[in-house]
Amino acid sequence: MDQSEDREDEGPPSKTSLRGRRKSQTKAQSKLKERPDPPDLSCVSMKSDRSMGPPSNFKDGQQPAGSSCVSMKSDRSMGPPSNFKDGQQPAGSSCVSMKSDRSMGPPSNFKDGQQPAGSSCVSMKSDRSMGPPSNFKDGQQPAGSSCVSMKSDPSVDHLIKEKRVQSDKRHHSDLDSIFMLLEEKLFCFMKNELKKIKKNLSPDYPQSFSTEGDDDEEQRRSREAFLKITVNFLRRMKQEELADCLQSKSRAPVCRRKVKSNLKKKFQCVFEGIPKAGNRTLLNQIFTELYITEGGTGEVNEEHEIRQIETTSRKLNRPETIIRQVDIFKVPPGRSGPIRTVMTKGVAGIGKTVLTQKFTLDWAEDKTNQDIEFTFPFTFRELNVLKEKKFSLVELVHHFFTETKEAGIHKFNKSQVVFIFDGLDECRLPLDFHNTEVLTDPTESTSVEVLLTNLIRGKLLLSARLWITTRPAAANQIPPQCVDMVTEVRGFTDSQKEEYFRKRFRHEEQTSRIISHIKTSRSLHSMCHIPVFCWITATVLEEVLKTRDGGELPKTLTEMYVHFLVVQSKVKNVKYFGGAETDPHWNPETKKMLKSLGKLAYEQLKKGNLIFYESDLTECGIDIQTASGYSGVFTQIFREETGLYQDKVFCFVHLSVQEFLAALHVHQTFVNSGFNLMSEEQTAPSWFTMFRSTSSTLYQRAVDVALQSPNGHLDLFLRFLLGLSLQTNQTLLRGLVTETGSSSETNQKTAQYIKKMISENLSPEKSINLFHCLNELNDCSLVEEIQQSLRSGRLSTDELSPAQWSALVFILLSSEKDLDVFDLKKYSASEEALLKLLPVVKASNKALLSGCNLSERSCEALSSVLSSQSSSLRDLDLSNNKLKDSGLKFLSDGLKSPHCELNELRLSGCSLSERSCEALSSVLSSQSSSLRDLDLSNNKLLDSGVKLLSDGLKSPHCELETLSLSGCLVTEEGCSALASALSSNPSHLRELDLSFNNPGDSGVKLLSAGLEDPGWRLDTLRVDHGGPQRMRLGLRKYACELELDTNTVNTNLKLSDNNRKVTHVTEEQSYPDHPDRFGDWSQLLCKNGLTGRCYLEFGWKGKVYISMSYRGIRRKGFTNDCVFGRNDQSWCLRCSDDDGYSVCHSNRETSISSSVSHRVAVYLDYRAGSLSFYSDSAKSLIHLHTFHTTFKEPLYLGFWVLPGSSVSVCRL
């Protein structure tokens, strides 16, 4: 190989090769002593071809001083050979050519045997590239043609050594130049870095500065090294204070980088299910933004989480503000001041821990929240084991994050630090926020619980931010005043559930079948909004689809968990014991494990424990090594968690798995020994003793005990226990469970007992769980009976038994459609029906209760709904009910609750007075008020009531945007009070309706001025239809005059009394032909199109239909398209001497139970989308029915008069 090629591949020379090279250079120099030394200025040129100067002009054989040049030019850039005269060699023109073989020119032409001076050329050509020998005459060597070959020819060694000496001298000369340039660059670097250091040492500069934004790792390391050098020099200069300050600030970035690096390693991968069970998956690849909402308080919700799941699942697909985990400390709109402490609630398995891990990982990967200097994630599981030890806050951080200790960081008070405390519900430290000593020094040692309480309540390290996660039942361990914002993790929406299964199962047909199957079971569908349950379901269905090609899939929770246990036992045998999938999976070792795990699950469920330490295991007869063995085999059921600084902690994969195994333990104990663990005893909670009994006694006792639990803590346990009584589930567990535990007769007795309990006066939540229990027993008869009545339209609520009412509630709660808008009149417009269906109102987004004969009793019940944490109600219409002031007082208590999120409230025509305005004013002034739209029209509020209401409008907490006071007997005095309120708090109200009042010119002028005021946000003001005549009580203030359209009158109708009366006659009237005339039905329309409020009264006899219709209704033909009430173009009231009243729309007729009066009234509120009919007795109006819709066109009054009947428009 050519040596030149070999050198190109080599790295820098070693010390040994340099020493060898120096020796050879010394020898060469000794042989060339007579050669004059080169001039002082030797330069290695790095210039490109274009920058090289022209060749020197040589005269008289002299060499220009300082012109020794090694050219790095390419072949093409080499100039032609110098022109030599008289055989002289131009001084200084020694040139080492780096040209390749192909670029070498032909040999010089030698004459007289002389060698041209200055043409010595060292060729780097290989052997194969050497040309033929030169032709020598007289034995002389041609001058100037010394071509040194790299072949092993001893004749050329002398010249090689000579050239090396020259090159080495030039090399030393080059070093001087390079180091001059290096010195310049180092000086520039140091100058810039010292400027930065000086800036960082300024008292106004942040606590630390960072090198993390440097372009590359080498540059960052260089700067860190220079910081250390600077600190050293400051100490030599006796500037100890500056040195300490600089050292402290420079350590933080290094430490932060190490902390981030370790957190990335810890959180970048997650496991689905249990850590030991599956492949590591990158968190960033699988993370789906979970449904987090702001709202609620830190108050406790002690309901069983299965109930909370049921409630939450109804809210998931409604529009709410979603908070991303990256913005957890971001101040939401409408709030002021920073957020220090955030509490995030969520049921077990919902994804709280994953959220904190994703937050930490994004910070560690420099993606988000880079204003935070340090993020320190803790779990209460880790902190629990430090219960007996003492730490300062700094020592606690050093204990878990050793990088901070190594960096010597002892202060965090000027840093932006986030502490994450995951799993408050697992805390076994006695957090006492009332009696704990105050601690403000982060370096003072104390117990961990004292550190935590002072950190949480802001006494210690006030500058820090805290994120605490918990299950809802433990939220009250921290006082509400210590929490700035409460959020809730809602889990998967319906679309996210589908997305999960589509990612898990790639086959579209298989995925669609699974999703469709889950939707058919309410229990499975609602549970699947928990990510862990989605994983359990997918694990089971994946295995079932393999073994049951086209077969039936699990439908109940019990069946799903039985399959899950079977699958895990099969995995255990195959994976850990080398068995085949067809081998029996209930071997003695498996039975022993499940028996121990079942007992542990049961005993710890009694205590409410979800995590277990060594002492808990010991109580159940399990040592720590055995427990580790269980977690290593049943990896997806029972798990062991061991952190870097914690003892071993054990838990089940999810609370539901623990409850299932607890139920299995009770079932096995009864079947194998006849002992009933659900029986009463004296020395322990009433459901945990043992005596022999029958199967029916076991299950009935379990139902009783579950119903006695105030918060439903045994709801899911009861479902599993009853489900295990089925023969189908026992068959799946054959070999583990003896198939003699129950019979069909026992199951029938249990189902009948449950139906009997449902008939009693139970809370809605308890009744709903009992329906789920019937489902586990495969008894759906009660529900199917009600569903059939609903489908046929023959449901008569007057005849429903208590159990059937409960079934109706269960059905409606399972219907997304009915929960979006609940209309009480579909079932029964009565107070009794409302009280029975109250759970449906609570779960609905919008409740239409207008004209349902409600009283203050209903208001008291609705107040409890509004105060409930789990209420979904946002829009409530109570118009046209006689609630009175006493009813509104109850309602206002609920409206002021911090849990109330009602946005729209309609109280039109509810017999309210000025006393109600005082209660509503306190609601508007309440800090928790969420009302945006309030309709008080058609109530006797008067100016005095409006003044009281204006006090609430002045409150800075009032966020009302729309207020309707139409027809409330308001004059100029009331307008003045409103103008004053809007001037003091103009920020929210956009729309004000004062129509059908008597504001006078001055009142209108006062309020109209606000429309022009840039400080007001009012953009809509209604003062139409005003005047003294509007100061009448009731709906008559909306009276209007209409004119019949004679071009529409059927020829069998006769007009009289100045066209105010219409009578059906047998002889045809001689009306001119007109395309608008009704040809085949005895009907007519009025001329006036109505788009506002209008009140009319009519007298009638016989059988007539009074209608509001669109103008475009058909006029000719014997079809329903022409008949009032038989199509979607018209709404009507039928009045009959024989059949009483009924209402009709879209050919659906509803009878109305009411005494018959021959005077009726119609009230239209077009904007509100309501059309009401009344019976007008001598004393008052009796509400008959109200249609609620969105009108798309102007409405026209019409009549359908049957033979022998008449109708007349009354003068008001």
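**Reading strands and surface**

Analyst: Happy to! V342 has M485 in β14 as its bridge partner. This is a predicted model, where local features need pLDDT of at least 70, side-chain atom pairs count only at pLDDT 80 or more, and totals for chains, interfaces and linings use all residues. Residues are numbered from 1 along each chain as its sequence is written, and side-chain values use heavy atoms, without hydrogens and water.

User: How do strands β8 and β14 run, parallel or antiparallel?

Analyst: In general, strands of a sheet pair through backbone hydrogen bonds, either parallel or antiparallel. Here β8 (residues 341-345) and β14 run parallel, joined by 4 bridges. Strands are DSSP runs (E, at least two residues), and two of them pair if DSSP finds at least two bridges between them.

User: Why is β14 largely enclosed?

Analyst: Buried means under 20% relative accessible area, exposed over 50%, and partly exposed in between (1.4 Å probe, protein chains only). In β14 (residues 485-491), 6 of the 7 residues are buried, so the rest of the structure largely encloses this strand.

User: In what order do the 7 strands of the open sheet come?

Analyst: The order is β26-β27-β38-β29-β34-β35-β36, with antiparallel pairing. β26 (1053-1056) and β36 (1181-1188) are at the edges with a single partner strand each, so one side of each has no neighbour in the sheet. Inside this sheet, 4 bridges link β29 (residues 1093-1101) to β38 (residues 1206-1209); F1098 has V1209 as its bridge partner in β38.

User: Is L182 buried or partly exposed?

Analyst: L182 is partly exposed, at 37% relative accessible area.
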